[in-house]
Amino acid sequence: MAEVLRAERPLPGQLDELVNFPLVRLWLYWGMFWLLLAPTFGVMASVLFSFPDYLGPSEYLTFGRLRPVHVNGVIFGAFSTLFFGLCYYLVPRLAGVRVHAEGLGYWLAWLWNITLAIGLLSLLLGWNQGLEAGEFPLAIDIGIFLVIATMTWQFIVTIMRRTEPQLYVALWYLIAAFVWTDVNLILGSFILPYTLPGINNAAFHGLFIHYIVGLWITPAGYVLIYYFLPVSARNPLFSHKLSLIGFWSLALFYPFVGIHHYLYSPIADWAETLSIISSMLLIIPVWTVLVNFFGTMKGKWSSFGTNLPAKFLIMGSLMYLIGCFQGSTEALRLIQQPTHFTDFVISHSHLTVFGTFVVWAIGGLVYVWPRVVGRELWSFKMGNWSFWLITAGISVMGLVLTAGGLQQGYMWMAGTEWLNSLVPVSPYWFLRTLAGLSMDIGMSLLVLNLMMTALSRPAPAREPARDVPGGAVPAGGMQ
Amino acid sequence: MRMSAGNVALGAGGPCRFRRAERRLPLVELTIGQFLVALCMSLGALCFFIWGVMSGMFKDVEAIKMRAYRAEVADDDEQ
C-alpha cells in the first residue's frame, strides 16, 4: 500500500530542486569553522608534551581543559556539523522529496553551533562532568539532544515520504545513526552522570563512549561514503547486498563492544569475553565496507589523481582498514596488556575518528561545496596540497603513536618507572606535534580554497553546475 | 580528601551528587544491566531488520544501488 501512496520519483535533473542550498551552505560554513578550530586545540595540547610551560601558568590552557575541547570539538563540531550539512544535501536526493520542515534546519544550525560554542567555552572554564566525550554540562547536553532528536524526526519523516520504495544503504545507516544516538544521549547525558557512582559509572561510560564512536560517528561516516564514493568515482556501488551485510552485522555486534574498555577490570569476566568476541566479529562489517569501497573504484583508478573527493574518501578507507585492525586486535587480552593506557590507543582514535570519518566528511564537503555555491573549485592544486598534507600528517601521527605506544607498554611491563618511560617517547611526541601541524595546515588550506571557491566569480562556461545533476563539477574542477 | 573538578566535587565515594542515591548496587547487577542495555540496542536493530524483511526491503536488493546512482550520474559511460 505504501507504494501506491508514493509520489512520482523526480527525474535526475530535478534532484537539485529538492535541496535547500542556503541551508546546506549554512551548516557547511559552520562545519568548516569547527574544522579549523577543533584540531588546532589538539595541536596546542600536543605541544605541551614537548614544551610543558609554553602556554604559561593560566589554568584555562592546561592540558586537562584543552583536551576535552579538542575531542568534543572534533566529534560534535568538525565531524557532526559537516555531517548534518551533508545530510541536508543527500537525504532529499535519495528520498526524492524535500526535507520535512526544512525551515527548522536554520534554527537547528544556530542552536547547535551556539550551544557548541558555549559548551567548548565552558570546558575551558573548567565546567566539566568528567565523562570522556560526555564532558559538557547539562544545559549543553540538552541543546545537543534537542537538535539531534529534532533532526531525527525531520529525516525519518522525509524518508517515510520517499518516492523510492526501497532504502539505499546510506539511508539505512542514517536512520540507525540518529535513532541510536538519541537513545545513547539519553543514557549518557541524562541518566549516567546522575545515577551511578564509582566504577559502575565508569563501566556504563564504556558503553556510552563506544556508542558515540560506533553508533554515531561510524554509521554517519558510512552514510557519507556510501553516497559520495559512487557519485564522485562515477561508478555504481560494487555490491548493495554486501553493504547491507555490513550494516546488519554492525547493528547486531557493535552494541556489546564498549565493555572492552575494561578488560582486566573488576567487571565480570564473561562480560569482558563477550566484548572481545563482538570486537572480533566487527571484522565482518569492516571487510564488507572495504571490499565495497575498493570494488566501487574498480576501473576508475586512472582518474583517481584528478578526483579530489574520491582521493579523500579512499584515503579515509585505508585509514579505516588500519584503524579497525588496531581496534579489534586491541580488544584481545594479549594485545591489551602492552597497549592499555599508552599512546597506541591515541593512535587508534586518531586513525579512526580523524583519519577515517573526518576525512570522509572532508571528501563529501569537497564534492558538495562547488555544487552548493555554483562554482568550480578555486584551485585543484591547493586542494591536492591539502590532501597530501593531511595524508602525510595522519600517517605519521598514526605511525609514531603506535610505535611510541608499544614502546611505552613494553617498558611498563618490564617494570620501568613511569617517569623514566617518558624520556624515550618524547621524540615520538615531538613528531606527533609536527604531524598535527601538517594536518592543521592542510585543513586551513582546504578551508581557504573552499572560501575562495565561494567568493570567485563563476565563469560563464562553468556556470551550469546545478543544471547537470551529479557530476556537474567533477572532483577538483572540470575535466 | 576531596578534589574539585569543575562543578563536581570528587572523592573516594564518587561525585557528591550521588550522595542521595548512596544505595550501592552490586557490581554483578550493574554488569548485567550493562549487558541488558547493549542487548536492547541490538534487539532494536533486530526489530528493524525484521521490519525490513517483512516490508520487502531486501527483494532485488541490487536494483536500488543502480537507481540511486543513475539519478545522480547519467553520463558516466561517456567519460
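Helices (H or I, at least four residues) and strands (E, at least two) are DSSP runs, numbered from the N terminus. By class, the contact of α4(A) with α14(A) has 13 nonpolar, three polar and one charged residues. Ala, Val, Leu, Ile, Met, Phe, Trp, Tyr, Cys and Pro count as nonpolar, Asp, Glu, Lys and Arg as charged, and the others, Gly among them, as polar.

Residues are numbered from 1 along each chain as its sequence is written, while chains are lettered from A and ligands numbered from 1 in the order in which they are written. Because the model is predicted, local features need pLDDT of at least 70 and side-chain atom pairs count only at pLDDT 80 or more, whereas totals for chains, interfaces and linings use all residues; side-chain values use heavy atoms, with hydrogens and water left out.

Two packed helices are described by the angle between their axes and the distance between the axes. Axes are lines fitted to C-alpha atoms, for helices over the stretch in contact, and angles run from 0 to 180 degrees between N-to-C directions. The axes of α4(A) and α14(A) come within 10 Å and cross at roughly 35°. This crossing of α4(A) past α14(A) is left-handed, a term used if the near helix is turned anticlockwise from the far one by less than a right angle, with right-handed used if clockwise.

Helix α14(A) also packs with α12(A), which covers residues 308–330; the angle is about 155° and the axes are 8 Å apart. The helix α12(A) is therefore roughly antiparallel to α14(A). Angles under 35 degrees count as roughly parallel, over 145 as roughly antiparallel, 65 to 115 as roughly perpendicular and the rest as oblique. The crossing of α12(A) and α14(A) is left-handed, and their contact has 18 nonpolar, eleven polar and one charged residues.

A further partner of α14(A) is α16(A), residues 418–455, where the axes come within 11 Å and cross at roughly 10°. The helices α14(A) and α16(A) are therefore roughly parallel to each other. Among the residues in this contact are Phe354(A) and Trp369(A) of α14(A), together with Trp429(A) and Met443(A) of α16(A). The residues of the contact of α14(A) with α16(A) divide into 15 nonpolar, one polar and two charged.

Individual residues can now be placed within these helices. Ser347(A) is found in α14(A), which spans residues 343–373, and at 0% relative accessibility Ser347(A) counts as buried. Buried means under 20% relative accessible area, exposed over 50%, and partly exposed in between (1.4 Å probe, protein chains only). Residues up to four places away in sequence aside, Ser347(A) touches Gln326(A), Gly398(A), Leu401(A) and Thr402(A).

Thr81(A) has its place in α4(A), residues 63–95, and is likewise buried, at 0% relative accessibility. Beyond its neighbours within four places in sequence, Thr81(A) is in contact with several residues, including Trp27(A), Trp30(A), Trp34(A) and Trp112(A). The C-alpha atoms of Thr81(A) and Phe33(A), 48 residues apart along the chain, are separated by 9.6 Å.

Most residues other than glycine have a negative phi. Ala133(A), however, has a phi near 65°; this residue lies in the loop between α5 (104–124) and α6 (138–160) of chain A and is buried at 4% relative accessible area. Arg234(A) has a phi near 60°, also a positive value, and lies in the loop between α8 (198–233) and α9 (240–253).

The contact between the chains takes 64 residues from chain A and 48 residues from chain B. The area buried between them is about 4700 Å², of which carbon and sulfur atoms give 67%; buried area is the accessible area (1.4 Å probe) that two parts lose on being put together, summed over both. In chain A, Gln166(A), Arg234(A) and Trp248(A) lose the most area to chain B, together 15% of what that side buries. Chain B itself has two helices and two strands, which run β-β-α-α from the N terminus on. Of the 79 residues in chain B, 30% are buried.

Methods:
Contact = heavy atoms within 4.5 Å.
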